[in-house]
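Please read them alongside the coordinates.

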Amino acid sequence: MTRYAMVIDLNTCVGCNACMAACAMENQTPVWKNKWRTYVHDKEIGMAEQVRRRFFPRLCNHCSNPPCMTVCPTGATYQRADGIVMIDPERCMGCRACAMACPYDARYEVSYHDIKEGRAFYGEEELQRDSPGMDKCSFCAHRVDKGLKPACVETCVGSARLFGDLDDPNDPVAQVVASGAAQPLMAYLGTRPNVYYINDMKRRG
Amino acid sequence: METMTYSTQDIWTWWLAAYLYFGGLGAATLSITFLTDMYCRANPRLVLWGAISGVGMLALSSLVLFGHLLHHVAVIYVINPMVLFQEPQAWIAWGTQFILWMMVWGTLYAVPYMRESPAFLRLPLLGTLLQTRFAIWLSGCCQKRRRIVGWLATINGIGTAVYTGLVIQSFPAVALWHNPGVPLLFTVSAFSTAFAYLLIVLYLGKPSEHHELLTRRYELFDLILIATELVILFSFFNYTLSGSESGYRSAQLLWHDMGWLVGFMGLGLIVPFLLNLKGVVKGWSTSIPTIAASVLVLIGGYLLRHYFMYTGVYAYPW
Amino acid sequence: MTWKFPDFSRRTFLKITGTGVAGLTMLKSIDVLSKTGSPRAKAGAGGPSEEITYSICNFCSSLCNIRVTTRTENDIKRIIKLDGNPNSTLNRGKICARGQSGLRQTYDTDRFKTPLIRVEGSKRGEAKFRPASWEEAYAYIAKRNKEANIQPWEWTMVGGWTSCVFYMNWAVPFALTNGIPNIIASPMQHCVTTGHLGTDSVTGNFNIHDEVLPDFDNAKYILFVANNASIGAVSTCRMVRFAAGRKNGAKVVALDSRQSETAAKADEWIATRPGTDLDFCLAMLKTMLDEKLYDADFLRQHSNMPFLSYRDAEGQWQLALDAKGQPRVVQERSSEIRALPAYTNDNGLDAQGRPCYPALHTPAGLTLDGHRVMTVLEAQLEEIRACTPEWAENSTGIPAATILRIAREFGSSRPSIIDPGWHGARYGNMMMLRRVQAMIQALTGGIDKPGGWIMSGELHRKQAEVIKAKAEGTAGGPPLTTLAGMPFAKLVIDVFSKGSNFGHGKPGWAWAFAAQERKAGRPWVMLPVLADTGLKESVEGTLNYQGEPYATRAILINAANPVRHYYPDSRWKEILAHKNVALVVAIDVLPSDTTMYADVILPNSTYLERGEPNVYGNGVNHDLTLVTRYPAIAPLYDTREMPDILLKITNILSGKDDAFMDTIEKLTGMNAASVREKMAKKIKDGVKSPFSAACREVAFDMAAKEAGITAPQLDAAFRQKGVYLVESKDRLLERAAMPRKLPMPTDSGRVEFYSGLFDGLRKMGGTAPNFSVLATHIPAECRPGATSILADDEFYFTYGKAPTVSYASTNSNNPVLAAINQFKKDIYTTAWIHPARASYLGIVDGDPIRITNSLTGQAADGHAHVTRLIHREAMFLYSCFGAENPALTRSVGVGTATSKLIPYSVEPVVAGFRSQEFTVRIKKITQKKGATT
Ligand SMILES: Nc1nc2c(c(=O)[nH]1)N[C@H]1C(S)=C(S)[C@@H](COP(=O)(O)OP(=O)(O)OC[C@H]3O[C@@H](n4cnc5c(=O)[nH]c(N)nc54)[C@H](O)[C@@H]3O)O[C@H]1N2
Ligand SMILES: Nc1nc2c(c(=O)[nH]1)N[C@H]1C(S)=C(S)[C@@H](COP(=O)(O)OP(=O)(O)OC[C@H]3O[C@@H](n4cnc5c(=O)[nH]c(N)nc54)[C@H](O)[C@@H]3O)O[C@H]1N2
Ligand code: SF4
Ligand code: SF4
Ligand code: SF4
Ligand code: SF4
Ligand code: SF4
Ligand SMILES: [Mo]
């Protein structure tokens with residue numbers, strides 16, 4: 001079996017936003033309304049002299065127990081055998097229940113208007129979707145299926161994003177997850193996320 | 001590792017609050033009228049009032065939802081009853097089916113009554129329709145299996161009311177929503193608003209049969225339901241105060257908001273509770289206080305859903 | 001026994017219910033709408049086709065290699081994705097946000113689509129244009145040129161870095177052919193010259209963007225000093241290496257007045273008072289010299305540290321050269337004086353060929369020719385004796401103990417890197433700062449060595465050839481393509497500073513102005529290489545050369561945006577709008593704040609639409625690699641290529657088309673006869689930019705020949721991989737590591753602590769400490785004359801680049817980047833100030849503020865970002881915003897322009913901008929308006 005997962009090493013993410021741009025171009029996100037499949041936050045943390053600037057990339061966690069899928073009444077949200085949580089844009093009626101259910105703010109809307117904008121922006125011929133509905137990160141399933149890495153991983157100038165198969169004991173991603181060095185977000189919600197983070201807090205600031 | 005950002009949502013806003021409100025209200029209205037008709041006293045005019053306004057509210061609620069959809073064609077997947085087998089875990093699937101079938105059974109239950117009502121038969125298009133062979137046959141069938149139809153409608157009605165709570169309970173990130181109290185609260189509120197609505201209908205529409213009896217009973221039920229709602233809300237208050245950051249932030253939003261405190265808690269619950277209490281215990285000399293209480297309950301019912309949608313807090317770890 | 005929970009995932013729940021309802025399949029779902037929703041799955045066989053071409057990113061001098069994916073459907077070919085070229089050892093298959101979004105420049109709806117001519121009766125700056133054909137546009141230029149009787153020297157060219165890097169081989173011959181001695185070029189006085197001349201004086205490196213590319217992968221300790229965009233924010237070729245180094249466990253320290261993107265990745269962020277980095281580094285240098293934290297053998301063998309020197313009667317340091325001009329050293333553990341060859345990389349053999357072991361320290365009281373002599377190392381220590389950590393604590397605000405600790409950590413963990421960044425400008429002392437950094441780096445022996453600074457493959461190639469030609473006594477090749485390092489810089493200086501190189505006898509106005517100011521006893525600039533000093537005066541009519549007025553009356557702006565990129569913007573607006581200026585021509589792809597002031601705008605194709613006229617080296621790559629651009633799609637609009645535009649303008653200005661091609665041949669070796677022949681064919685084939693296309697073919701022939709293959713083979717290799725590897729870093733270092741294997745392109749061939757370059761400039765009359773032959777202290781004068789501490793509302797002004805914009809360039813208008821900038825506007829488009837200061841001024845995060853230059857009164861509005869990530873005394877602005885051209889529909893009005901606050905002030909060596917040498921006052925206002933100046 002294959003279980004895809006991403007590990008994000010906060011120690012080398014420089015907040016360059018290349019992943020956002022790469023994903024937008026690869027997956028035709030509605031940049032005109034500033035919606036993305038992945039975001040990189042730029043946060044100020046720590047007290048007094050320990051103040052730190054932290055870049056925090058996020059995306060859909062491809063939860064093993066995805067509440068977005070549970071609530072989806074049309075079956076548009078589904079999970080592939082390799083764990084990737086997908087949306088079938090033709091089937092999605094856009095009730096947005098999945099967006100309400102997602103604890104990670106991973107989903108955004110594509111409206112009729114966005115489809116129109118998209119035609120002008122990405123080109124009539126090249127626009128990948130012609131029906132409105134919800135959208136979110138697909139782990140670049142179309143690339144992964146061709147043996148490629150997701151677009152954001154491919155271009156990550158900090159090599160902060162790693163992509164791999166948790167079921168493959170030789171995969172570095174599986175190893176770092178198994179070691180406990182990488183942790184998922186809000187695991188207590190029972191979502192069983194598959195995006196893991198390597199903490200950057202060990203360092204002196 | 002986690003830093004937190006707290007955020008409310010702008011995905012399901014007052015549109016969806018209206019959907020949940022009219023869905024619950026319509027469903028409970030139908031259930032109450034049919035149960036009254038079946039087990040209390042047959043009451044054709046009340047049934048007509050209840051069925052028409054109930055179906056109307058459900059239709060309105062469905063329209064609101066439909067209008068809110070991003071992709072209207074794909075709604076076909078949830079209208080197809082098979083959705084219950086394909087997506088049994090999705091409450092919206094159940095809810096849609098409940099509402100659809102509620103409207104169907106609700107209408108059917110009312111058909112014999114319509115045929116008996118001269119006013120209906122005089123109506124242009126509907127009047128003619130009601131005179132057709134098919135309508136006569138259908139009306140006969142429904143008449144014969146009145147209780148079955150009534151119970152089918154009622155089950156779907158209760159289902160709908162419960163569903164309005166279950167659907168937001170299925171959003172795990174928000175403590176205010178993700179707890180078993182929500183379906184209960186929304187169901188109680190749905191029935192309480194429905195009683196309030198029917199009280200207004202009884203007082204203003206005067207479907208004369210058993211007026212006294214019904215109003216007194218409805219007032220009593222509403223009082224009990226309001227009291228129950230207050231208890232549930234009190235437990236919510238305690239629940240949200242600790243246990244999770246999401247809940248605590250919701251509590252902060254709710255209990256600092258005048259719309260919630262004065263509008264909903266005060267005018268939507270406590271004032272009508274007191275008015276009804278006096279009505280039940282001592283009685284009022286005019287219908288105005290009861291009508292006023294009912295109007296307040298109706299407004300309160302919407303406010304409850306509005307604030308619930310509005311104050312659900314997501315705690316994001318970034 | 002414990003309770004056992006069944007492991008029920010929702011999927012298994014579904015499966016169970018699924019089986020339960022298997023019998024109901026007759027009511028199967030209506031799957032009418034659903035197709036497989038996977039993106040681009042729609043591409044069936046025989047349908048749309050995808051194609052890969054390779055190119056070079058055009059958004060910064062990292063010059064990343066890119067792979068372009070296009071798709072053709074219904075005969076429409078569209079660029080759908082850019083990626084880093086996975087075959088590239090420069091950027092290792094990665095590109096940054098600007099690179100990723102690059103295709104949106106081509107599809108930017110705000111692009112120039114035809115030539116434009118300023119509407120009759122409107123003024124420059126009003127940006128009223130009418131579309132025109134190329135013929136009309138050229139006719140307009142010809143007419144104006146003739147009517148106004150513009151003389152060759154009255155033309156000035158302004159070139160952006162794109163035109164420098166990709167078209168220097170055309171731009172310089174264009175200038176020479178047409179008798180134009182005036183070029184203002186990027187990236188010079190507003191970018192690298194100040195900093196690089198500093199490092200270059202030590203290493204001799206000088207190239208187009210001659211930044212060293214440190215070998216971060218293998219470093220154990222990395223110290224960043226006043227740099228950010230060249231690393232983490234972002235220069236991909238360096239960031240990929242830095243990330244690897246960090247993952248490999250390097251300790252990272254960043255000296256920055258705010259927590260930059262790069263500093264955020266450091267183990268230790270040292271918040272320094274702006275302008276005081278030199279003090280920090282001098283204290284480091286002193287500590288390392290004092291405590292012998294250096295690679296003594298490296299210094300002894302490969303640097304001029306052991307050279308004997310003395311202080312002359314004027315107190316100036318001089319080398320104790322012998323009669324033949326050869327440096328002398330003292331043999332270790334003796335008082336024996338030996339002469340060394342003047343130019344070599346190795347001090348191991350003296351001038352007579354005897355083995356030599358030069359001492360770094362002299363015996364007490366050593367004298368020579370009547371002077372008390374000491375080694376350069378001792379002289380350097382002497383020069384900075386006062387620069388103790390305690391002394392530096394006072395100015396930098398960093399505890400002496402920290403400075404001492406960093407010096408010791410750095411000096412004792414090898415390999416270590418002290419990274420100099422790229423952007424020089426900022427302060428008059430920046431050149432010295434970078435110079436001292438190069439010295440510190442050299443102390444560790446970390447030059448051209450794994451884990452240290454490694455020179456580019458191209459520099460190695462050129463220097464190896466220069467040395468070989470020298471040894472064989474043969475003439476070098478064409479100068480623009482073969483000269484390496486400082487000799488190349490000297491050539492450029494030579495060409496434009498000497499009137500004798502031009503028929504009309506006039507040097508560039510910058511040089512005329514320097515002479516005029518010097519004569520008048522006013523401050524003047526020694527080497528105003530490609531700088532703007534004197535332009536304003538020549539426009540306004542106050543510049544004279546040899547008794548005659550030296551006027552500037554026409555300006556050709558080529559891929560440059562001086563209104564935003566030079567300082568202050570008002571100066572450039574005045575110049576461009578000046579009544580004495582008869583003609584302004586701009587070549588660009590997008591409307592900029594500069595093109596608003598043009599009379600004619602000539603639209604260039606975007607980088608993804610063009611095949612370049614040349615085959616290039618691979619920027620700063622350690623590997624020696626060839627690259628070029630292939631057009632991914634045909635030009636979308638009626639656009640032309642740079643060489644053809646320059647050829648056409650040559651025709652208009654001088655009619656010397658042939659001479660232009662001959663000059664190109666002379667300077668670059670590109671055979672003019674072949675170019676003419678191929679061009680004739682291209683014209684016959686109806687190629688839109690035939691000159692460019694012809695040059696490209698000849699360039700392929702040349703490059704292939706040098707690589708020992710055929711042009712079709714080179715083409716095939718490029719098409720397949722996008723890069724052609726000539727020689728790897730390891731092999732280059734084996735044969736051409738400088739100074740271990742080859743002499744460096746410095747005066748002496750060694751790493752120079754005592755600078756031959758500055759010795760020369762001193763002789764030419766440079767007296768300021770900026771011309772010191774040894775490292776010395778120069779204070780930044782942000783508050784001239786002030787003795788008190790900062791006023792309550794006063795801040796040091798600092799700036800730096802945002803990861804998502806190039807300079808203050810037109811790609812702020814790129815829809816993807818503009819959206820990211822919007823998403824991060826609270827951080828990117830605001831002025832950073834510390835809460836301790838802000839609260840005192842009643843400013844909270846997001847408040848509109850007015851920023852006023854305390855020295856000049858220049859003012860601009862902005863919004864405050866109140867953050868602890870900045871030094872309390874500093875204000876920081878991302879230098880990428882403030883566009884004013886309404887035709888930039890997505891970025892106009894966003895943020896605050898640095899060029900509205902920075903005054904005109906340059907340092908005396910190369911006219912580098914002192915763009916941070918002032919303070920600002922900040923006050924809260926009610927609403928942000930456009931600039932107030
Ligand atoms: N305010 C401010 N000023 C700065 C800086 C800063 O950060 N802020 N940085 C400084 C530094 S480090 C540098 S290197 C310089 C860089 O300054 P420049 O060299 O001037 O920068 P560019 O943005 O490359 O060039 C400017 C123009 O080139 C156009 N252009 C882009 N692509 C093409 C093309 O393919 N063909 C043609 N013909 N034109 C094109 C752009 O539209 C833009 O108008 O700026 C310096 N000045
Ligand atoms: N995103 C982006 N990246 C680029 C470019 C671009 O345009 N955009 N351009 C490329 C080019 S041409 C260049 S020249 C390089 C420039 O690359 P760099 O020179 O590395 O970068 P700057 O952005 O100028 O970064 C300057 C840093 O110095 C800090 N600073 C300012 N004043 C002081 C001071 O007095 N002391 C100290 N210690 N720190 C100070 C600022 O806070 C800032 O973080 O970037 C290259 N990379
Ligand atoms: S919006 Fe679409 S994907 Fe989301 S729950 Fe509704 S139908 Fe499913
Ligand atoms: S992150 Fe959100 S959208 Fe993604 S699988 Fe989990 S719940 Fe669904
Ligand atoms: S995996 Fe693909 S879809 Fe997901 S964020 Fe990365 S690039 Fe976007
Ligand atoms: S591309 Fe990589 S380094 Fe850059 S912001 Fe995204 S995750 Fe961070
Ligand atoms: S660092 Fe970014 S902008 Fe610069 S060349 Fe590379 S990809 Fe292009
Ligand atoms: Mo630069």
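1. Where is the place of B:Gln89 in chain B? B:Gln89 sits in the loop between α4 (83-86) and α5 (91-116) of chain B; helices (H or I, at least four residues) and strands (E, at least two) are DSSP runs, numbered from the N terminus. B:Gln89 counts as buried because its relative accessibility is 12%, where buried means under 20% relative accessible area, exposed over 50% and partly exposed in between (1.4 Å probe, protein chains only). Its side chain reaches the backbone oxygen of A:Thr70 at 3.3 Å.

2. On conventions: this is a predicted model, in which local features need pLDDT of at least 70 and side-chain atom pairs count only at pLDDT 80 or more, while totals for chains, interfaces and linings use all residues. Residues are numbered from 1 along each chain as its sequence is written, chains are lettered from A and ligands numbered from 1 in the order in which they are written, and side-chain values use heavy atoms, with hydrogens and water left out.

3. The largest nonpolar core has 177 residues; such a core is a set of buried Ala, Val, Leu, Ile, Met, Phe, Trp, Tyr and Cys residues joined through side-chain atoms within 4.5 Å. The members that touch the most others are B:Trp12, B:Ile168, B:Phe171, B:Trp177, B:Trp260 and B:Phe308. Helix α10 (residues 181-205) of chain B gives the largest share, 16 residues. A second, separate core of 132 residues includes C:Leu527, C:Val539, C:Leu646 and C:Ile664.

4. Beyond its neighbours within four places in sequence, B:Ile168 is in contact (heavy atoms within 4.5 Å) with residues including B:Trp12, B:Leu20, B:Phe186 and B:Met309.

5. In chain C, three strands make an open sheet in the order β13-β12-β18, with antiparallel pairing; two strands pair if DSSP finds at least two bridges between them. The edge strands, β13 (317-319) and β18 (374-375), each pair on one side only. Strand β12 (residues 308-311) pairs with β13(C) over three bridges, and C:Ser309 has C:Leu319 as its bridge partner in β13(C).

6. Around ligand 2 there are 35 residues, counted if one of their heavy atoms lies within 4 Å of it. The closest are C:Ser230, C:Asp256, C:Asp277, C:Arg426 and C:Tyr807. The largest share of this shell, three residues, comes from β29(C).

7. Nitrogen atoms of ligand 2 lie 3.0 Å from a polar backbone atom of C:Ala233, 2.7 Å from one of C:Ala802 and 3.0 Å from a polar side-chain atom of C:Gln916.

Technical notes
A polar contact is a pair of N or O atoms within 3.5 Å; within protein, one must be able to donate a hydrogen and the other to accept it, and residues adjacent in sequence count only if both atoms are side-chain atoms.
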